[in-house]
Amino acid sequence: VVVGEQDRAAADLFAEVFARSYADCVRFAAGMFGDWSSADDAVQDAFVRLWARPPRLFDDRAATGYVFRTVLNMARMRQRRDRRRRDLEAATVCDAAADVDLGVDIRVALDLLPPRRRACVLSRYLLDLSERDTAAVLGISIGTVKSQTHKGLRQLRQHLGDEVGVRDE
Amino acid sequence: MNDVRVRELLQPLHERPLDSAAAWQRVRARVAIASAVRDRSGRRWLRAVAIAATSLVVVGSASVVFAARAHRGTTGAALPTEVGRVATGVQQPSAFAVVGRSLWLASWTTGELVRVDTITGARTVLHVGQPNASVLALASAGGRLYDLRADTGQVELRDAATGEVRQAARSGAEVLTGGNEVWAAGCCALATPAQTVTKLDPSSLRVTSSVVVPEEGEIPQLAAGRAGVWLLSEDGALLREIDGRSRSVNLSSQPASVLVVGSTSVVLAGSDGTLAAIDPTTGRAGWRVPFAPDGGVRPTAVAIFGDEIYLAIPQHVLTFSISRRVKTADFSIDAQWFAVSTDGVWAATPSAAVELR
C-alpha cells in the first residue's frame, strides 16, 4: 500500500494518542460499565471509530473526549436497555457481570448514578481531571460539571452513608 | 476529606494492570480492516492505516510499549494478527467449517454438531448421530454447509443458519470444497484397491464427474482449490493432481504430513520441519521454508488466505508470506483445525475459535 507522508504522520499520531489515552479511557469505562471486558470492548470500538474521523481529532484531549463521550452514550443505551428489560431496582445494577475490583457498595452506588453524573464523578475523582477538562472531554459546560458532580457525590453519600460526605461549594 | 474518600473508593480501578499492547494489536487490526473497506470507496487518507498497522510505537511511559511481533516483516505490509475469539464449548472438535457468521464444529465423542454465531457468541447444538458415530467431516462453499456422516455414510447439504438437512447423497469417506466446487472421496466406489474421487453438484449433490485413483489402503488426504484437486498419499510420499492432468510428484525423500491448495499454490508441510510449495502448472517442487529447523514437529493443519499460509503445529500457529517466503507471525494458539472465511482464517482450539487475518 502506497501511503503519503501526511498519512504516515496521521497514523503515527493515532498510535501515540492511543498509547497515552488507552489506560485512562479503559479505567473510566470500567467505572461506567462495572466490568473490564465491556470497558475494553467499548474503548476499542471508540478508537476504531475515531480513526475514521478527521486527523485533527488525533490529539490527546480530543481523542479522550471522543472516547469518553462514546462510552457515555453506550452507558446511556445500556441503561435504557436494562430499564426496558426489567424494573429498575438497586439489585439490578450490581449484576453478575460486574467484575471490576471495586467494593460492592461503591459499585452499586456508582451504577445508581445517571450516566452523565457518573461520568462527571469518575472524571473528577478517578482521573483527577479539572472541572474545565471534564467539561471539555464530556462536551458539557463547566456549570453542568459542577452541579452533576455535586449531585453525584450527594447521591453516593446517601447510598454509602456518611463515609462519603459532600463539600458544599 | 470527602473528596479523598471518594478517590480511595475508586482507587482499585487504578490498580488493575492493563495490557495496552494487546489492545493495540486488536485496534490496529480492526482499523486495518475498516480502512481497507473505506479505501475502496475512495477515502484516500484512510490508507494510512497500513502504516498504523505496522508501525512500531514506543511511547515514553514504561508501562505502555507498543512492540511489534517478533517476526514482523520489513515491507510494511499488514501482518496477520488475532482479531477475534469466541467460545465454542467443543473441547475436541472433529471437524470445523465457517459459513458467513456461523462457525460449525463437530464433536465426534458427543455426536453433536455445534453452531456458534461469531457476532453474538450464541451456540446452537444439534444432536447428529450417536457418540463416536456422527459427523466425520465438514466443508463449506458458496454459503452452503456440507457434512459427511459416519453412521449413515452420506454427504449432507445443510442450511448454514439452522443446520437443517436440505439434501443428502450417497456415501463418501471425505467431503471437501474448493472454490464453489464440492468433492467427495470414496463416493460410489467401495471396491478396493481402486478409489474414486467424485465431483458433486453443489445443490443436488449428484455426481457430475469422477476420477479413479490407484492409491491403496486408507483414503488419502485431499485438498481442493483454484489450483486443482490434489491428493496426498497416506505415507505422504506421493502428491497427485487428480483433476485434469493427473500429474504426480514424488515426495519420497521428504514426505509431507498436511496439504493445502490455494489459488496459485500447492503447499505441503512435513514433519521434517519444512514448508514446501509445488508449482501447480508444472508439478515441480518450488521453494522450501523451514518452520522447525530441527524437525520432529508434526504439523496438524494448514490453510491459505491471501498471501499468507497458516500452519498449525502443537501449541503454535505460524504464518508465512507466500510472496516473500518468510515467516511473518507466531501465535501461541493450540489450533486443531482451520476454516477459511471471506475475511480471514478461523482456528479451532479446545473450547474456543480464534480469528486471524
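Ring pairs join Phe14(A), Phe18(A), Tyr22(A), Phe47(A), Trp51(A) and Trp24(B) into a cluster. The model is predicted. Over all chains, the structure holds eight aromatic pairs.

**Aromatic pairs of Phe14(A)**

Two of the pairs involve Phe14(A), and the table sets them out.

| Pair | Distance between ring centres | Angle between planes | Type |
|---|---|---|---|
| Phe14(A) and Trp51(A) | 4.9 Å | 65 degrees | edge-to-face |
| Phe14(A) and Trp24(B) | 6.1 Å | 45 degrees | tilted |

The planes of Phe14(A) and Trp51(A) stand at 65 degrees, and an angle over 60 degrees counts as edge-to-face.

Are Phe14(A) and Trp51(A) buried or exposed? Phe14(A) has a relative accessibility of 1%, so it counts as buried. Trp51(A) has a relative accessible area of 2% and is buried too. The cut-off for buried is under 20%.

For Phe14(A) and Trp24(B), the planes are at 45 degrees, so the pair is tilted. This pair crosses between chains, running from helix α1 of chain A to Trp24(B) in helix α3 (residues 20–40) of chain B. Both Phe14(A) and Trp24(B) are buried.

**Helices α6 and α8 of chain A**

Another part of chain A brings two helices together. The axes of helix α6 (residues 115–125) and helix α8 (residues 142–160), both of chain A, come within 8 Å and cross at roughly 95 degrees. Angles of 65 to 115 degrees count as roughly perpendicular, so α6(A) is roughly perpendicular to α8(A).

Which residues of α6(A) make the contact? They are Arg116(A), Arg117(A), Cys120(A), Val121(A), Arg124(A) and Tyr125(A). From α8(A), the residues in contact include Thr144(A), Val145(A), Gln148(A), Leu153(A) and Leu156(A). By class, the contact of α6(A) with α8(A) has six nonpolar, five polar and four charged residues.

Two of the contact residues on α6(A), Arg124(A) and Tyr125(A), also have an arrangement of their own. Arg124(A) lies over the face of Tyr125(A), at 5.7 Å from the ring centre.

**Helix α7 of chain A**

Helix α7 of chain A covers residues 131–138. Its buried residues are Thr134(A), Ala135(A), Val137(A) and Leu138(A). In an α-helix there are 3.6 residues a turn, so residues three or four places apart point the same way.

Terms used. Residues are numbered from 1 along each chain as its sequence is written. Chains are lettered from A and ligands numbered from 1 in the order in which they are written. This is a predicted model: local features need pLDDT of at least 70, side-chain atom pairs count only at pLDDT 80 or more; totals for chains, interfaces and linings use all residues. Side-chain values use heavy atoms; hydrogens and water are left out. Rings of Phe, Tyr and Trp (its six-membered ring) pair if their centres lie within 6.5 Å; planes under 30 degrees apart count as stacked, over 60 as edge-to-face and the rest as tilted. Buried means under 20% relative accessible area, exposed over 50%, partly exposed in between (1.4 Å probe, protein chains only). Helices (H or I, at least four residues) and strands (E, at least two) are DSSP runs, numbered from the N terminus. A charge sits over a ring if NZ of Lys or CZ of Arg is within 6 Å of the ring centre and within 35 degrees of the ring normal. Axes are lines fitted to C-alpha atoms, for helices over the stretch in contact, and angles run from 0 to 180 degrees between N-to-C directions. Angles under 35 degrees count as roughly parallel, over 145 as roughly antiparallel, 65 to 115 as roughly perpendicular and the rest as oblique. Contact means heavy atoms within 4.5 Å. Ala, Val, Leu, Ile, Met, Phe, Trp, Tyr, Cys and Pro count as nonpolar, Asp, Glu, Lys and Arg as charged, and the others, Gly among them, as polar.
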